[in-house]
Amino acid sequence: MARAPRTTHQVIVIGAGVAGLAAAAEAARCGLKTALFDDGLLGGLITNVGAVHGHPGLKGTTGADLVNSMLGEALGAGVDYQPGAVAELAAMDGHWRLPDNGVTALRVILATGAELRSLGVPGEAELLGRGVSQCAFCDGGLYKGKDVAVVGGGDGAFQEALHLAELCANVTMILRGRKPRARPAFVRQTADLSNMHFRWNTDVQEIIGSDGVDAVRLTEQNGDEETLSIAAIFPFIGLAPRTILAPA
């Protein structure tokens, strides 16, 4: 009879965003030997947030500061934090293994989060990092005094646009629908800004440029087309779950 593999931990948490950090810290506080793996950027997407909203006691706190605080709590609780990607998760005799990491446990918590969706239009991949960005708080300063565009109508898009409006000459928001989906407080803030502009019922068809973004080609729902000159474009059109370790 095959012997069950020796466990190195009782719980493995994969993903060190807010959910993963919280789960790992709580497991460790309950006395469970817990390993935490960060299969991407520590903290995930929230590290790109300039000010966290909607959480008691965190008004004005940056996403990066929140992550650093949560990591400190997890380490203080005894979590074994092991930075590095997890390429494979395997089940074996009632246990879970990370073959490339030398870790075995009885339980696994997947907190791999999500990634920002891309537009999937010509020019987007080619100009990523050269005018195509999904972090206004990281890259907005590169386009100070220039014209930029933000694609999307949710909270993330409006937060990014409000930050860019403090830096850029003009910010054009491109939305597929007739009204935004963001919380009213964000929408009201944009209404007071003279350098904020809106393109409703509009899709991005192409991002134009060679060494950097020069323009975007837009199509309205009535069929009209327009080329809008900009220096950068920031797509925020929702999230796609990261399910590579647990495909459907």
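Mentor: Residues are numbered from 1 along each chain as its sequence is written, and side-chain values use heavy atoms, without hydrogens and water. In this predicted model, local features need pLDDT of at least 70 and side-chain atom pairs pLDDT 80 or more, while totals for chains, interfaces and linings use all residues.

Trainee: What makes E11 and E12 a pair of strands?

Mentor: Strands are DSSP runs (E, at least two residues), numbered from the N terminus. Two strands pair if DSSP finds at least two bridges between them. Seven bridges join E11 to E12 (residues 213–220), so the pair qualifies, and the strands run antiparallel. In E12, Val213 is the bridge partner of Gly209.

Trainee: Why are E11 and E13 called edge strands?

Mentor: The open sheet has the order E11-E12-E13. E11 (202–209) and E13 (225–229) each pair on one side only.

Trainee: Why is the pair of Tyr143 and Phe234 called edge-to-face?

Mentor: Rings of Phe, Tyr and Trp (its six-membered ring) pair if their centres lie within 6.5 Å; planes under 30 degrees apart count as stacked, over 60 as edge-to-face, the rest as tilted. The structure holds three aromatic pairs. For Tyr143 and Phe234 the centres are 6.3 Å apart and the planes are at 85°, so the pair is edge-to-face. Tyr143 lies in the loop between H3 (136–139) and E8 (147–151) and Phe234 in E14 (residues 232–235), so the pair ties together parts 91 residues apart in sequence.

Trainee: How do you know which residues line the largest pocket?

Mentor: A pocket is an open set of points on a 1 Å grid over the protein atoms alone, where a 1.4 Å probe fits, with protein on both sides within 12 Å along at least five of seven lines; lining residues have an atom within 4 Å of a point. For the largest pocket, 38 residues line it, with Gly44, Leu45, Ile46, Leu116 and Leu239 nearest its centre. H4 gives the most to this lining, five residues.

Terms used
Helix = DSSP H or I, 4+ residues; strand = E, 2+ residues; numbered from the N terminus.
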